[in-house]
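Dear colleague,

Please find the structure below. My notes on what turned up in it follow.

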Amino acid sequence: MDLKTYQAQALQTDQVPGTSDDESAAALIVPMLGLAGETGQLLGEYKKHLRDGAAHRLFKDRVGEELGDLLWYIANVASKFGLDLDQIAEKNLDKVRARFAPMSAQAPERDSEFPDLERLPRHLLVRLAEEPGSSGSRPKVRMTINGEGIGSLLGDNAYDPDGYRFHDVFHLAYAAVLGWSPNLRAFLKRKRKSRPLLDEVEDGGRARIIEEGVSALAFDYARVHSFLEGVTEIDYGLLRTIQSMTSHLEVSGATAADWERAILEGFAVWRQVLLNNGGDISVDLNARSITYLGAA
């Protein structure tokens with residue numbers, strides 16, 4: 001039986017169809033409460049399995065029954081909201097595949113058709129070095145790429161030193177894994193000015209602010225998760241927010257798994273940089289990798 005047929009037949013057995021104004025609220029809340037109730041009963045069967053072991057001989061039958069009840073309530077809720085269960089299932093599979101799919105070995109190259117001076121270098125040797133601040137008390141960070149000084153000195157911009165002065169590592173990680181970093185492109189003066197509209201949208205100030213926003217958002221998340229030390233998965237809600245923020249840009253095709261890898265690998269290098277107060281970093285856009293080489 002396909003899901004569409006099941007949904008239609010399940011609806012025929014609905015005892016609270018909500019055909020009158022008085023029943024409309026109950027027609028929605030009853031199946032949603034049913035979902036919660038059946039979930040509890042499923043967990044109850046598992047509790048019995050843990051307690052009784054093999055003596056609970058009907059365990060699988062009971063689990064199947066509870067899952068069937070859950071499916072009925074899910075179909076009912078979908079019908080009440082005018083949703084197609086087939087489409088829900090299909091979209092869910094697409095989402096899960098994108099969330100956990102292995103990253104393609106094919107490196108994204110977003111500027112291959114542009115002149116050399118408008119293309120990001122495929123290999124970068126980056127040095128982040130601390131220098132005393134003007135007051136002598138709070139260090140700032142200077143970045144050089146392939147021996148050339150890039151951008152301005154960066155501080156933490158926070159009352160408590162938290163290492164954000166090294167956040168250019170995240171731009172490098174986005175470039176390495178996603179082939180995308182409007183800020184790095186601006187640092188290196190590789191904006192695609194030969195196509196003015198693309199330059200405005202993809203390499204302009206708004207795209208750069210969005211990238212900084214993504215970096216700050218991920219940093220705030222990492223701050224309360226031990227800066228991702230020992231973390232192998234990032235909450236899907238954060239990844240979905242980042243995908244929404246960048247949905248109108250060329251990086252919109254990056255999957256949640258791509259973003260997860262970019263963030264995790266960026267923080268792996270950032271932690272090494274912070275520990276050593278700077279250091280050298282290799283960025284390989286062809287290999288989609290960013291590697292900490294050691295203290296400068």
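**Asparagines with positive phi, and the rest**

At a relative accessibility of 72%, Asn157 counts as exposed, since the cut-off for that class is over 50%. Please keep in mind that this is a predicted model.

Asn157 sits in the loop that runs between E3 and helix H5 (168-178). Its phi is positive, about 55°, although Asn157 is not a glycine.

Asn277 also deserves a line. This residue is not a glycine, yet it has a positive phi of about 55°. Its place is the loop between helix H10 (256-275) and strand E4 (278-284). Asn277 has a relative accessibility of 44% and therefore counts as partly exposed, a class that lies between the 20% and 50% limits.

A further asparagine belongs to a hairpin. Strands E2 (residues 140-145) and E3 (residues 148-154) are paired antiparallel, with four bridges. Two residues lie between the strands of this hairpin, and Asn146 adopts a positive phi near 50° there. Within the pairing, Val141 is opposite Leu154 in E3.

On the helical side, I looked at Leu93. Helix H4 (residues 85-100) contains Leu93. With 44% relative accessibility, Leu93 is counted as partly exposed. Leu93 and Gly64 are 29 residues apart along the chain, and their C-alpha atoms are separated by 21 Å.

Now the protein as a whole. Its secondary structure amounts to 10 helices and five strands. The radius of gyration is 26 Å, whereas the globule rule gives 19 Å for 296 residues; the value is well over the rule, so the protein is more spread out than a compact globule. The C-alpha trace spans about 70 × 50 × 40 Å along the principal axes.

As for burial, 40% of the 296 residues count as buried.

Among contacts with a separation of 6 or more, 62% are between residues 24 or more positions apart.

Finally, the charges: there are 34 positive and 44 negative side chains in the protein. The centres of these two sets lie 4 Å apart.

Regards

Technical notes:
Residues numbered from 1 in each chain as written. Predicted model: local features only at pLDDT ≥ 70, side-chain atom pairs only at ≥ 80, totals over all residues. Heavy atoms only, no water. Buried < 20%, exposed > 50% of the residue type's maximum accessible area, 1.4 Å probe, protein only. Rg over C-alpha atoms; globule rule 2.2 N^0.38 Å. Contact = heavy atoms within 4.5 Å. Lys, Arg positive; Asp, Glu negative; His and termini not counted. Charge placed at Lys NZ, Arg CZ, Asp CG, Glu CD. Pairing = 2+ DSSP bridges.
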